[in-house]
Amino acid sequence: MFDRGFLFGDGVYETGKALGRCPLFIEEHIERLKRSAGKLKIPMPLTDAELTQEIYRTAKAFGRDQAYFRVILSRGVGAVLGLESFEDLKPTLVIIFQPLSEKLEDLRNRGIKLLTSSVVRNSAAAQDPNIKTSNYLNSLLAIQEVKARGGEDAILCDGLGNVTEGTTFSIFGLKDGETLMTSSLQVGILDSITRRHILDLARPLFKIEEGFISLARFQECQEVFIASSVREIVPVREWDQKKYGLPSPRIDALKKALKEEIASYIDKHAKY
């Protein structure tokens with residue numbers, strides 16, 4: 001109960017999935033965990049190799065070919081409750097593996113219904129979006145609000161009405177069949193690992209536009225999809241009462257390219 005992660009959200013985390021007994025893009029997840037921890041000045045208790053070994057050991061004990069994983073690092077347990085107490089603490093490291101949801105494939109096929117939340121995304125001037133912090137109150141308030149209005153998940157805009165990202169995902173739109181649009185990192189969004197991979201795969205297929213994109217302009221896209229480490233690419237079937245069609249052959253090609261990249265990664269990396 002005295003862990004600062006529990007008391008103040010004074011911690012960072014990474015989440016992803018394992019397929020074919022292989023945690024996907026684990027090097028990138030560990031690197032981002034280290035960057036987040038460094039921004040909060042939380043020391044890493046293990047080397048990259050040691051942390052990788054512990055993740056694989058936990059995965060092996062869990063024993064499933066497919067799994068959801070989360071790695072959490074908090075500042076540790078303090079002797080007193082004060083926020084200002086920054087004495088040298090032993091960081092708390094927790095590795096969790098859980099079953100991967102059986103509903104993911106259905107979600108990818110039927111698409112998701114989004115609503116734009118009235119909750120504004122935290123300004124990057126107030127909180128660095130690339131500290132993947134354990135305090136997810138901004139997103140929690142947004143999804144709570146839109147679920148009460150009948151949505152499945154929420155999109156957040158910045159204070160000027162530009163689309164940022166979803167509660168736990170990036171968002172993309174296909175404009176005029178050839179331009180793939182997505183919010184720029186400068187809008188104040190997480191440097192998502194899956195977003196990075198999708199943009200790399202998309203460059204040979206589309207014109208890429210990253211920028212400050214208004215809600216109205218984003219919703220003019222003919223197709224919209226979300227993406228995250230666990231969900232991969234999921235089409236948006238409805239966003240603020242606007243209906244969107246099923247993925248076009250070009251978006252299907254992007255989905256296929258991501259699947260192939262994942263399969264190649266699994267083939268080349270160690271299994272637990």
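**Entry 1: the second largest pocket**

Which residues lie nearest the centre of the second largest pocket? I looked them up in this predicted model, where local features need pLDDT of at least 70, side-chain atom pairs count only at pLDDT 80 or more, and totals for chains, interfaces and linings use all residues. I number residues from 1 along each chain as its sequence is written, and side-chain values use heavy atoms, with hydrogens and water left out.

The answer is L19, Q66, L100, L104 and R108, out of 16 lining residues. A note for myself on terms: on a 1 Å grid over the protein atoms alone, a pocket is an open set of points with protein on both sides within 12 Å along at least five of seven lines, a cavity is a set where a 1.4 Å probe fits but cannot get out, and lining residues have an atom within 4 Å of a point. I found that β1, α4 (104-110) and α8 each give two or more residues to this lining, with α8 supplying the largest share, four residues. These labels are DSSP runs numbered from the N terminus: helices (H or I) have at least four residues and strands (E) at least two. The space in this pocket is about 260 Å³; a volume is the space filled by probe spheres set on the points, and grid points are joined across faces, edges and corners. Sorting the lining gave me seven nonpolar, two polar and seven charged residues. Here Ala, Val, Leu, Ile, Met, Phe, Trp, Tyr, Cys and Pro count as nonpolar, Asp, Glu, Lys and Arg as charged, and the others, Gly among them, as polar.

**Entry 2: the largest pocket**

Next I turned to the largest pocket, which holds about 820 Å³ of space. It has 38 lining residues, and Y13, K132, Y136, T167 and T168 are the closest to its centre. Among the elements that supply at least two residues are β3 (67-74), β7 (163-166) and β11. I noted α5 as the giver of the largest share, five residues. My tally by class was 14 nonpolar, 16 polar and eight charged.

**Entry 3: the cavities**

How many cavities of 30 Å³ or more are there? I counted three. The largest contains about 110 Å³ of space, and its lining includes G16, K17, H29, H197 and E232. Which element gives the most to that lining? I found α6, with three residues. The classes there are five nonpolar, five polar and two charged.

The second largest cavity contains about 60 Å³. Of its 13 lining residues, E223, V224, F225, P235 and P247 lie nearest the centre. β12 brings the largest share, four residues. I sorted this lining into ten nonpolar, one polar and two charged residues.

Last, I checked α2 (residues 26-40) against α3 (residues 48-62): their axes come within 11 Å and cross at roughly 120°. Axes are lines fitted to C-alpha atoms, for helices over the stretch in contact, and angles run from 0 to 180 degrees between N-to-C directions. The two helices are therefore oblique to each other; under 35 degrees would be roughly parallel, over 145 roughly antiparallel, and 65 to 115 roughly perpendicular, with the rest oblique.

Where do they meet? I26, I30, E31, L33 and K34 in α2 touch D48, L51, T52 and I55 in α3, contact being heavy atoms within 4.5 Å. By class, this contact has five nonpolar, one polar and three charged residues.
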